[in-house]
Amino acid sequence: ATQTQGQQTIEVQFNPQGLMTGTYSTTIKIGSNDPIRPMVEVPVVMTVTEVVPPPVQADFWVSVISTPALKLNYTGNQLVLIEAEGNKGPDPASGWITYSFQSGICGGETKFPTPVYESGMTMVWYVVCQAYITTPVLNGNSMEIWPEGASEIQPADNMVTFTLKTEWPVMKVTLEASPDPVQAGAPLTYTLRITNTGNTTLNGVVTDTLPANVTPTGDLNWSLTDLTPNDVWIKTVVVTAEMGYVGPLTNVVQVTTLEGATGIVAVTTQVVEPPRPRYRLNLPIVMQDSQPTCCPPGRCDDLPPCPEP
């Protein structure tokens, strides 16, 4: 009821659910005990528009957890890249991640769809592919992730660049012989040096094939264990050149490693005859003081001439 000279507000709510977009018209009828105007009609116009949802906001990120060490000039390399990615934004979203590698690694550039990342969700992925590298420096690789159908809040961590580690198994093998030439029957010293000139620890086997005309002879074998970069492995072998032999002696050393580095080296030494021995002859000298009994012709007058020899 409304008092005389008073007023009253009536709120009418309409539910547009199920209605198509457009303009709708209707009339609200209000009846009262007013004898003059017992019925009042109020026209109503309602416009239904498409509901625009609020923008989806995501904050994608990506980071590298670990990368393997790849061997140089090796066809059996398998890249296993471990990376983490996720969404720190308030809304769930999916998108795309792009992997960009140097030439010869995983086909260069590859793009994959991401799953739907809920807010705060993180996932770890393993990227496995083949890699053939010819240089020890692998800079310029990258990963980049972006949401699709959502705005990116903070793009600073959407991309990461990284350098792949490279195993570079390389060594230098030298073999020296002293003395050269060597005399038959004399000792001959071989000095073997293996220097790790790469960037990875080497493990393997060293085989020394000695010449036939020395003692000892045959094959000598040693283990090469944990030879770190820039370290030198040294082995000295002393043999004796065969007595009575004259000619070349060739010693061959071969090195193989589990990491793929190999080396072979040979040295040739000449065997010569020993010098002939020299003997000292000591003869006694007897000196006598005596008077001469003859004289060479024309040398003296008081003695008879000596006979002709």
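Helices (H or I, at least four residues) and strands (E, at least two) are DSSP runs, numbered from the N terminus.

## Ground rules

This is a predicted model, in which local features need pLDDT of at least 70 and side-chain atom pairs count only at pLDDT 80 or more, while totals for chains, interfaces and linings use all residues. Residues are numbered from 1 along each chain as its sequence is written, and side-chain values use heavy atoms, with hydrogens and water left out.

Glutamate 259 is found in the loop between E20 and E21. It has a relative accessible area of 14% and is therefore buried (buried means under 20% relative accessible area, exposed over 50%, partly exposed in between, with a 1.4 Å probe and protein chains only).

Who surrounds this residue? Apart from neighbours within four places in sequence, glutamate 259 is in contact with Lys71, Pro169, Thr201, Leu202 and Asn203, where contact means heavy atoms within 4.5 Å. The glutamate 259 side chain also comes to 2.9 Å from the backbone nitrogen of asparagine 203. That is a polar contact: a pair of N or O atoms within 3.5 Å; within protein, one must be able to donate a hydrogen and the other to accept it, and residues adjacent in sequence count only if both atoms are side-chain atoms. Between tryptophan 168 and glutamate 259 there are 91 residues of sequence separation, yet their C-alpha atoms are 8.9 Å apart.

## The strands around that loop

E20 and E21 make a hairpin with four residues between them, and glycine 260 in the turn has a positive phi of about 110°. Strand E20 (residues 247–257) and strand E21 (residues 262–272) are antiparallel and share ten bridges; two strands pair if DSSP finds at least two bridges between them. Within this pairing, leucine 249 faces threonine 269 of E21.

E20 also pairs with strand E16 (residues 202–209), again antiparallel, over six bridges. Here threonine 207 stands across from glutamine 254 of E20.

## Two open sheets

Strand E6 (residues 78–87) is joined to E9 by nine bridges, and alanine 84 has valine 124 in E9 as its bridge partner.

The other open sheet described here has five strands in the order E5-E12-E10-E7-E8, and its pairing is mixed. Strand E10 (residues 138–148) runs antiparallel to strand E12 (residues 159–167), with five bridges between them; methionine 143 is partnered by valine 160 in E12.

## Aromatic rings

There are four aromatic pairs, counted when rings of Phe, Tyr and Trp (its six-membered ring) have centres within 6.5 Å; planes under 30 degrees apart count as stacked, over 60 as edge-to-face and the rest as tilted. In one of them, phenylalanine 60 and tyrosine 117 have ring centres 5.8 Å apart and planes at 85°, so the pair is edge-to-face. Phenylalanine 60 belongs to strand E4 and tyrosine 117 to the loop between E8 and E9, so this pair ties together parts 57 residues apart in sequence. Both phenylalanine 60 and tyrosine 117 are buried.
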